[in-house]
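The sequence and the model come next, followed by the description.

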Amino acid sequence: MGLFVAQLLTGLANAAALFLVASGLSLIFGVTRIVNFAHGSLYMLGAYFGVMLMQSLPGAVGFWGSIVLSSLIVGAIGIIIEICVLRPVYRAPELFQLVATFGVILVIQDLTLMFWGAEDQLGPRAPGLKSVVRILGEPIPQYDLALIVITPFILLGLWWLISKTRVGILVRAATQDREMVGALGVNQSWLFTGVFFLGSALAGLGGAIQLPKGGADLLMDLNIISAVFVVVVIGGMGSIVGAFVASVLISVLNVFGVAYLPQSTLVLMYVVMAIVLLVRPYGLFGREEKAGEHGQAGEPDRPIRPAGVRGRLFAAALFLALALVPVFGSNFTQVLLTDILIFCLFAASLQFMLSTGGMVSFGHAAFFGGGAYAAALLVTYADSPMELAFLFAPLAAGLLAVVFGWFCIRLSGVYFAMLTLAFSQLVWSLVFQWYDVTGGDDGLVNIWPSAWLSGTTTYYYFTLIVGVGGIIFLRHLIHSPFGYSLRATRDSARQADATGINVTHVQWAAFATAGAMAGLAGGLFVFSKGSVFPNELEIEKSFDALIVVFLGGVKTLSGGVVGAAFMESVKDWLTRLEYWRLILGLLIIGVVIVAPAGIVGTLRGLSERLGLRWTGETTR
Amino acid sequence: MLEISALNSFYGKAHILNDLDFSINRGEVVALLGRNGAGKTTTMKSIMQLVHPKSGRVSFDGADITSLPSHKIARLGLGYVPEERRIFSDLTILENLEVGRQKARKDAPVWTVEALFELFPNLWERRNNRGKAMSGGEQQMLTIARTLMGNPKLLLLDEPSEGIAPVIVEQMAKTILRFKEEGLTVIISEQNLHFARIVADRAIILESGEKKFDGTFTDLENQPDIRDAYLSV
């Protein structure tokens, strides 16, 4: 009994930071419709500023003062981000803002490294709350009890702000229809900035207040963000009370998980989330998202057409040039090109579901890594020949996508994206924690191709044929009747439905196809490296794919491929620099603001001004 | 008071407003008439900069407002009542009114929550209800009341009689006539000629985003060909 209560209390105390970060994220999303991926970074900054301030401000007043001060500093940083990065792209589609926040993550990571160095910082303990209290014989840290008391007051304060003040009323109105709020004379920009300040300050507060329990390190930004997403999705986007309930649920579950099911702590959270979403698709306290009710009437997208003669000739010439590389290029060039081709196929598969299908997935790595692991497991445990294992990669990834897709396509927009993220994290945590089978962190090694495919040059040719073949297959699919149906479901699901298209089936099939093709890329990957590690399933891998699709041009056909090729080449050179994340982050933010059409879109725009056409005519 | 000159607006590539010109004088009630798709709503949205015109000029009290953001235009005293009503359905009626609240101004009638509840007694009874469970007529009253909370000088009413019961339409006509007595300038877009004739002093007829007629209702009656060409179904 005593132990049980102690664990419950620990869970409740752990919920504090999670709740603060999640409520901030939820608030920002509600009003601005931006999923701020950089919210974990703001939490991290709160912790670093907290440590710094606590070291110079003495006593209890200094301690609590530092927490408040760090929160305000992080709030101010949030304002800077909002004004410099997000304000220029509010009119752009949601994905652009999302990618901009990826850029912010990278920038903050390197700036933190620059200012505070790579070493973990120990969190100072709270003056006057350093000892423990015995409850039912179990020692409970006083600070935990303090957190349990403080958090409900913060919840109450936020609730009062949102439901009782004019600012709160405006925030809620803007959550529903921000254009109308503007037409009634409310300055939306300031409302947005205000909400960003509050949301960021909450994240900073979360970072600083958890210091005596956790400290500050450079990994805490991405470590918390997936838990925060889970909380926000379980609680319901935009609901503060939901964020609180879900934080408590997840934290308590985690503590009990560590105690009773130590092998499955990471998985547990995502399982709970999947169950909640099945029962209540918009979270415990969320409301159904009505998409496109008062959408901006912008320029309609230009239709995607097959490549014209010029485009085909160019692609053929490129293929020929790639085929000739082994004649002239070094071994290193071939290895690099193999990596690039694999990444291109991976990106093309994401672009297929994202651009053609309108389904923004945050967890595409699940299928890339899933395919790689499927092949590696078959080789390791069944001693299967490489050919069979290689074919198993897209098959297994496709099956995985069929299962995940069944859940995901019931949702749309942000909830869809969050669920894909959760599923990919589920796969990642399974692989990471199921040490006996997957080798956990040590990965699976000695997964080499058969004799007839081994050797850098041979495998390069193999990758070239399979990779280019896969990309061409996806392109053909886009111009097939299936592709037309898919585009119809993207542009208007309702109208497509009324036309007689089975929207669910079409989207499901597209999801599965994208997953299988990502798995194919994963299969190519595992045999080119001879090993696979859990990081191929990580959020960063999914983000990478999203970023290159975006960099290349979301509304183009070849954007993913071009973006992937560009990014892999640049990264190879960039990662030799110390602060490459900073440069990459700024590059991403720069592209979002200056050239939102991406590389392909921008080049196409330029060449069309010169009178060159790359696509074929539509047949009438 | 309001001058529109050579206004051109587009939705994507579709040309909606074509070199539109007209002006509104202080204290007038003007009806914007025309069939579905004639450009009535786009005219109002272009005035409010909810649609950004490609070219042309809108000036209000002599100042160019063409490049201002919507909230600044609203603060200058233009009150927009959208056709789709756009009630904040998660907010109570009182909260909806609060969103619209702006400072009083000297040259326009001043509205308080109490005065609006007097004008629309139905709203008072449901003041703490959320916007969700309201009839079309009640929603329309709330939309108008919400905009009046901004104490506008010029009211843009987009199809106020659409989708509400005939009894309420009559009540609406009386309300608009009362606005006129209070000194409010009103532009009202309508498909219902009968309703427009009761409340408005002047008619402007649009067709394919072009102005086809601008004059009094007596003039319009003397030109049945215009009515037949642009208004009858």
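In this predicted model, the backbone nitrogen of B:Val58 lies 3.0 Å from a polar atom of the side chain of B:Thr66. The side chain of B:Thr66 also makes a polar contact of 2.4 Å with the side chain of B:Asp64. A polar contact is a pair of N or O atoms within 3.5 Å; within protein, one must be able to donate a hydrogen and the other to accept it, and residues adjacent in sequence count only if both atoms are side-chain atoms.

The model is predicted, and local features need pLDDT of at least 70, side-chain atom pairs count only at pLDDT 80 or more, and totals for chains, interfaces and linings use all residues. Residues are numbered from 1 along each chain as its sequence is written, chains are lettered from A and ligands numbered from 1 in the order in which they are written, and side-chain values use heavy atoms, with hydrogens and water left out.

**Around B:Thr66**

B:Thr66 sits in the loop between β5 (63-64) and α2 (70-75) of chain B. Helices (H or I, at least four residues) and strands (E, at least two) are DSSP runs, numbered from the N terminus. With a relative accessibility of 16%, B:Thr66 counts as buried; buried means under 20% relative accessible area, exposed over 50%, and partly exposed in between (1.4 Å probe, protein chains only). Leaving aside residues up to four places away in sequence, B:Thr66 touches B:Gln49, B:Gly56, B:Arg57 and B:Val58, where contact means heavy atoms within 4.5 Å.

**Sheets of chain B**

Strand β5(B) belongs to an open sheet of 4 strands in the order β2-β1-β4-β5 (chain B), with antiparallel pairing. The edges are β2 (14-24) and β5 of chain B; each has a single partner strand, so one side of each is left without a neighbour in the sheet. Two strands pair if DSSP finds at least two bridges between them. Strand β4 (residues 55-60) of chain B pairs with β5(B) in the antiparallel sense over 2 bridges, and B:Phe60 has B:Ala63 in β5(B) as its bridge partner. Helix α1 (residues 40-47) of chain B packs on this sheet, touching β1 (2-11), β2 and β4 of chain B, and its direction makes about 110° with that of β1(B). Axes are lines fitted to C-alpha atoms, for helices over the stretch in contact, and angles run from 0 to 180 degrees between N-to-C directions.

Strand β9 (residues 202-207) of chain B and β10(B) run antiparallel and are joined by 6 bridges; the bridge partner of B:Ile205 in β10(B) is B:Phe213.

**Helix pairs of chain A**

| Helices | Angle | Axes apart |
|---|---|---|
| α4 (residues 94-116) and α24 (residues 580-594) of chain A | about 155° | 8 Å |
| α9 (residues 220-235) and α16 (residues 413-433) of chain A | about 130° | 10 Å |

The crossing of α4(A) and α24(A) is left-handed. A crossing is left-handed if the near helix is turned anticlockwise from the far one by less than a right angle, and right-handed if clockwise. The crossing of α9(A) and α16(A) is left-handed. In that pair, A:Ser226, A:Phe229 and A:Val233 of α9(A) meet A:Tyr415, A:Met418, A:Leu421 and A:Gln425 of α16(A).

**Hairpin and loops of chain A**

In chain A, 4 bridges join strand β1 (residues 132-135) to strand β2 (residues 138-141), and the two run antiparallel. A:Arg134 has A:Pro139 in β2(A) as its bridge partner. This hairpin has 2 residues between the strands, and in it A:Leu136 takes a positive phi near 50°.

A:Asp383 has a positive phi near 55° and is found in the loop between α14 (365-382) and α15 (386-408) of chain A. Its relative accessible area is 67%, so A:Asp383 is exposed. For A:Asn446, phi is near 65°, a positive value in a residue other than glycine. A:Asn446 lies in the loop between β3 (444-445) and α18 (456-478) of chain A and, at 59% relative accessibility, counts as exposed.
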